Amino acid sequence: MKLTYPHMGEAYIAVKAMFDDLGIESIIPPFSTENTLRLGAKESPESICLPFKIMLGNYVRSIEEGADTIVITGSCGPCRFGYYGPLQKLILKDMGYDVDMIILDPPREGISKFFNNIRKLSRGAGIRAYRIFQEAYRVCEKIDELNEIQYFVRPRTKDKAKLNGIMHNFRAKVLNAKGSKEISQLIDKTKDELLSLDIDMDLKPIKLGIIGEIYTIIDPFSNLNAEDRLGDLGAEVHRSMTVKDWAENNLIKPLRREKPYELEKRLSKPYLPVMIGGHTQQCIGHAVKYARSGYDGLIQIYPLSCMPEIVSRSILPQVEKDYGIPILYLIVDEQTGEAGYQTRLEAFYDYVDNRRRRS
Ligand code: SF4
């Protein structure tokens, strides 16, 4: 069995660590590019959301490199994510690729099915599997720490070329690192390198929260590196959802019988008291949380035709009004042009920066 999985930001690092420790050969798809998207978009239903198309492109690239089994997470409440796996399997079959697909639905969708899939993936590991999953989760935490350091340093350093070089080296080296121990050491070393840059600690950059649809928040290819672009302009950003948060709320909390996303759901209640699919309540809840924490602005990113985030988009202007926080709305798909995107980010940055100076 040669496993593969789609890209979703830095998720591949933790997943690779886990499969390395389990002794399972896995193939990381080549990093997403325009070609990956073109490949996926060509075979996908035209109006399906962007993550579906990028993922399909990832699978094809991995299958061409020898992968025969795809692992993805499943379900996301009543939104299209629930049928990503089965539909992608059918499309791949039509394309002549007969691969297995293991769809890891969160435990709330059926505890026995969840454990059956876990057993399938961790065969032979026995009780060791539990510790391996813990280590993989710890890698997710470390990735968040690394990103947060990067968000802090980028607007405060003039050594942007060095910073990009450090991150570039990290991405190249992590592909060759084996297991959670080596990967964790590499993350720690990279954190130290970032902190050794010349950082202006007195600078107070504007703070922007990134909210919206989980894939397009987490995956830099799909959001055209919005975080780096904003950091280069001089803003400190914060990603509202991460792979670690997803694992904590969808895997760990349900197993501990704790309620997921409790704070976000409570904060979103005056605007949206029920779950309507995707992460709509979380998006609204994060917007309120950022506004209350003194953030200067918010950026909602979501794929064209994303049903849950279209609902958030219609509610967020009310949050904007209630809390007096400006929000930029960015919709991404395969037609998104880089120049227009950059112009919108620059205009928003200038607006928020001037607004803060005036106040
Ligand atoms: S949340 Fe939006 S983009 Fe993600 S699968 Fe659902 S509809 Fe598609």
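Predicted model: local features only at pLDDT ≥ 70, side-chain atom pairs only at ≥ 80, totals over all residues.
Student: Which residues of H7 are buried?

Tutor: Leu-163, Ile-166, Phe-170 and Val-174 are buried.

Student: What makes these buried residues line one face of the helix?

Tutor: Viewed down the axis of H7, the buried residues fall within an arc of 60 degrees, so they line one face. An α-helix has 3.6 residues a turn, so residues three or four places apart point the same way. The buried residues of H7 pack against helices H1 (11-22), H6 (128-153) and H8 (179-195). On the face turned away from the buried side are the exposed residues Ala-161, Gly-165, His-168, Arg-171 and Ala-172.

Student: Why is Gly-85 called buried?

Tutor: The cut-off is 20 or more other C-beta atoms within 10 Å. Gly-85 has 21 and is therefore buried. This residue belongs to helix H4 (residues 84-94). Not counting residues up to four places away in sequence, Gly-85 touches Ile-72, Gly-74, Met-101 and Ile-103.

Student: How many helices and strands does the protein have, and why is it called as compact as a globular protein of its length?

Tutor: The protein has 15 helices and eight strands. Its radius of gyration is 20 Å, close to the 21 Å that the globule rule gives for 359 residues, so it is as compact as a globular protein of that length. Of the 359 residues, 44% count as buried.

Methods
Residues numbered from 1 in each chain as written. Helix = DSSP H or I, 4+ residues; strand = E, 2+ residues; numbered from the N terminus. Buried ≥ 20, exposed ≤ 12 C-beta atoms within 10 Å, placed from the backbone. Contact = placed C-beta atoms within 7 Å. Arc of directions from axis to C-beta. Rg over C-alpha atoms; globule rule 2.2 N^0.38 Å.
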